[in-house]
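This briefing goes through the structure shown below, topic by topic.

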Amino acid sequence: MLAFIIRRLISTVLVMGLVGVFIFLLLHLSPGDPAAIIAGDNATPAQIAAIRNSLGLDDPLHLQFARWAVRVLNGDLGISIFSNVPVATLIGQRLWPTVSLAFTTIVLAVTLALAAGVLAAWKAGSLIDRLVMILSVVGFSLPVFVVGYLLIYVFAISLRWLPVQGYSPMSDGFWAWASHLILPSLALGLAYVALIARITRTAMLDVLAEDYMRTARAKGVATGPMLLKHALKNAGVPIVTVIGIGVALLIGGVVITETVFNLPGIGRLVVDAISKRDYPIIQGVILLFSGVYVIINLMVDLSYTLLDPRIRY
Amino acid sequence: MTAITARIASQPVRSGLWHFVRRNPTLVGGAVVLLLVVLAALAAPLIAGDPIAARPVNRLKPPSAANWLGTDQLGRDVWARTIYGARVSLMVGLSVAAIAMAIGLVIGLCAGFGRMVETVVMRLLDGLMAIPAILLAIAFVSLSKASVGVVIAAIVLPEIPRVVRLVRAVVLSVREQPFVEAAVASGTRVPKILRRHILPATLPPLIVQATYVCASAILIEAALSFLGAGTPPEIPTWGNMIASSRVYLGLAPWTIFGPGLALALVVLAVNLVGDGLRDRLDPRLARRM
């Protein structure tokens with residue numbers, strides 16, 4: 001077990017290292033001059049030369065990479081071209097809206113998806129099952145921003161039940177916070193729900209066909225505990241795997257959702273950086289989001305033994 | 001007499017076709033929708049007016065006989081722009097699928113047959129896969145000048161690892177088959193083994209994968225355009241249309257939901273074709289995550 005954890009940690013570090021190499025190479029091997037890109041569109045040749053000098057862009061590539069990697073490991077993600085503020089500080093300021101959105105989306109989506117998947121598998125072949133399957137195919141094909149604008153149009157503009165957009169910190173009251181996050185979470189979570197509901201149904205169908213499920217039913221275990229304790233827990237490994245893989249979907253979606261709902265989070269930070277060509281911000285956020293993705297999938301791998309004690313490494 | 005013979009002769013064909021439709025509802029449904037969209041995109045100049053011409057007098061008009069999907073904030077016809085937008089979406093989807101398959105196939109075949117190459121390549125791809133696709137594409141586009149070609153390249157890059165993994169998995173399973181062993185034992189050279197014995201086995205799952213890559217490419221292109229990191233804003237694409245009209249959501253919802261519905265419909269149709277092909281060609285293949 002310990003050996004597995006150590007091996008897994010090493011490969012995680014390796015993957016993050018590669019992510020770093022790719023992001024570094026993307027800037028340095030792109031057709032433009034990195035100094036000109038970092039200096040921004042309105043820089044004078046003197047400014048570009050100064051940046052070229054300060055970054056040591058005339059040094060060999062591996063030396064530059066080593067220097068950059070050391071800085072990143074110390075939490076220095078570079079300085080924003082546009083605002084001249086360290087990227088790490090900017091990300092810190094934008095952290096809470098994104099964390100709130102991610103948290104409500106994951107909680108909402110996983111709950112909905114598990115319920116739908118378990119129900120569909122339990123009533124396999126029924127109308128509910130068909131409905132869940134259709135919704136999961138359709139939900140996977142609907143673009144986040146189209147769903148987002150549809151939700152805004154129906155629930156915020158026409159019915160006026162919820163705010164149109166924006167963010168309200170938790171310090172202004174729980175409902176103000178939650179009401180601003182319901183629609184974004186639904187829009188962002190839809191594809192995630194579709195993905196998890198589908199795999200939950202498949203995994204549950206396999207487990208429900210097992211002999212021990214018949215035994216459980218025969219000895220009179222009530223339906224609720226039977227489905228949740230006996231079946232869902234044993235169907236856990238593939239479901240948790242997909243929950244981890246699907247985080248990639250959420251990360252891409254966060255950028256879009258925050259734009260649609262005007263949430264001042266990290267996703268907005270990137271989108272604003274695109275039009276200003278603020279590459280240090282884009283680079284920093286990619287590193288951060290890739291790190292989150294890799295760490296979540298590390299946790300998923302480590303959770304297998306908790307779900308299924310038979311798995312030994 | 002001739003009428004009867006003709007009826008008998010035509011019957012098996014008709015029932016065969018009907019049988020196929022009944023057995024493959026998702027495949028046929030998706031393919032029909034897709035075919036209609038492709039035809040509409042090809043015939044755009046015939047069935048849609050000018051997608052560029054602005055008529056400010058006519059701005060934000062609701063759907064009518066003259067403007068089927070209404071007009072946008074510059075008085076441009078939303079229907080015409082939506083039809084022309086299909087051209088970009090379909091082109092990006094097809095190009096990305098074709099290029100990603102070609103590159104992924106070559107790398108996957110090499111990785112599946114050479115142990116040394118395998119370890120290195122698979123590690124590198126693990127790293128590439130850890131970067132969220134949209135962010136990688138944003139970084140790529142923001143470093144280059146915006147154009148359709150750059151957008152295609154930016155979407156191909158994150159799709160390659162998924163294709164390589166699929167091809168490699170097939171190669172690894174076929175490599176151990178007796179007929180490959182026999183070919184190796186009889187001195188067949190590696191390129192020929194790859195071409196004659198391994199390549200055919202990779203094609204069915206690869207075709208299925210290509211449809212999913214196509215659907216995801218169409219979605220990512222729209223998302224990139226929407227975020228301002230995609231196709232230049234003067235080209236009418238669904239993402240660009242939604243981005244430029246989004247402040248008019250309350251006033252003129254048709255400017256958003258016209259292209260939005262088209263996008264959802266096309267992606268759904270491509271995914272349905274993929275699901276249908278998967279059920280026919282390769283039932284074991286799990287749906288791409």
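Leaving aside residues up to four places away in sequence, A:I196 touches A:A109, A:V110, A:A113, A:G117, A:I239, A:V242, A:I243 and A:G246. The model is a predicted one, with an ipTM of 0.87 and a pTM of 0.88. In chain B the mean pLDDT is 86, and 92% of the residues reach 70 or more.

**Nonpolar core**

- A:I196 is among the residues with the most contacts inside the largest nonpolar core, together with A:V270, B:V96, B:A137, B:I138 and B:I218.
- That core has 168 residues.

**Chain A overall**

- Chain A has 15 helices and 0 strands.
- Its C-alpha atoms fill a box of roughly 80 × 55 × 35 Å along the principal axes.
- Of the 313 residues in chain A, 39% are buried.
- Taking contacts in chain A between residues at least 6 apart in sequence, 72% join residues at least 24 apart.

- Helix 9 of chain A covers residues 174-208, and a straight helix of 35 residues would span 51 Å at 1.5 Å a residue.
- The end C-alpha atoms of helix 9 of chain A are only 40 Å apart.
- The buried residues in helix 7 of chain A include A:V132, A:S136, A:G139, A:F140 and A:S141.
- Within chain A, the buried residues of helix 7 pack against helix 6 (95-122) and helix 9.
- In chain B, the partners of these buried residues are helix 9 and helix 11.

**Contact between the chains**

- On the chain B side, 37 residues are in contact with 46 residues of chain A.
- Four helices of chain B, namely helix 5 (115-129), helix 6 (133-142), helix 9 (190-227) and helix 11 (254-281), each supply at least two residues of the side that touches chain A.
- By residue type, this side of chain B divides into 28 nonpolar, 7 polar and 2 charged residues.

**A buried position in chain B**

- B:I107 is in helix 4 (residues 78-113) of chain B.
- B:I107 counts as buried because it has 21 C-beta neighbours inside 10 Å, where the cut-off is 20 or more.
- B:I107 touches B:V121 and B:V164, with residues up to four places away in sequence not counted.
- From B:I107 to B:F140 the separation is 33 residues in sequence and 21 Å in space, C-alpha to C-alpha.

**Loop residues with positive phi**

- Most residues other than glycine have a negative phi.
- A:N262 is not a glycine, yet its phi is positive, about 55°.
- A:N262 sits in the loop between helix 13 (247-260) and helix 14 (266-276) of chain A.
- A:N262 has 14 C-beta neighbours inside 10 Å and so counts as partly exposed.
- B:L60, also a residue other than glycine, has a positive phi near 55°.
- The loop that holds B:L60 runs between helix 3 (44-47) and helix 4 of chain B.
- B:L60 counts as partly exposed because 16 C-beta neighbours lie inside 10 Å.

Methods:
Residues are numbered from 1 along each chain as its sequence is written. Chains are lettered from A and ligands numbered from 1 in the order in which they are written. This is a predicted model: local features need pLDDT of at least 70, side-chain atom pairs count only at pLDDT 80 or more; totals for chains, interfaces and linings use all residues. A nonpolar core is a set of buried Ala, Val, Leu, Ile, Met, Phe, Trp, Tyr and Cys residues joined through C-beta atoms within 7 Å. A residue is buried if 20 or more other C-beta atoms lie within 10 Å of its own, exposed if 12 or fewer, and partly exposed in between; C-beta atoms are placed from the backbone. Two residues are in contact if their C-beta atoms, placed from the backbone, lie within 7 Å. The expected span of a helix is 1.5 Å times one less than its number of residues. Ala, Val, Leu, Ile, Met, Phe, Trp, Tyr, Cys and Pro count as nonpolar, Asp, Glu, Lys and Arg as charged, and the others, Gly among them, as polar. pLDDT is the predictor's confidence in each residue, from 0 to 100.
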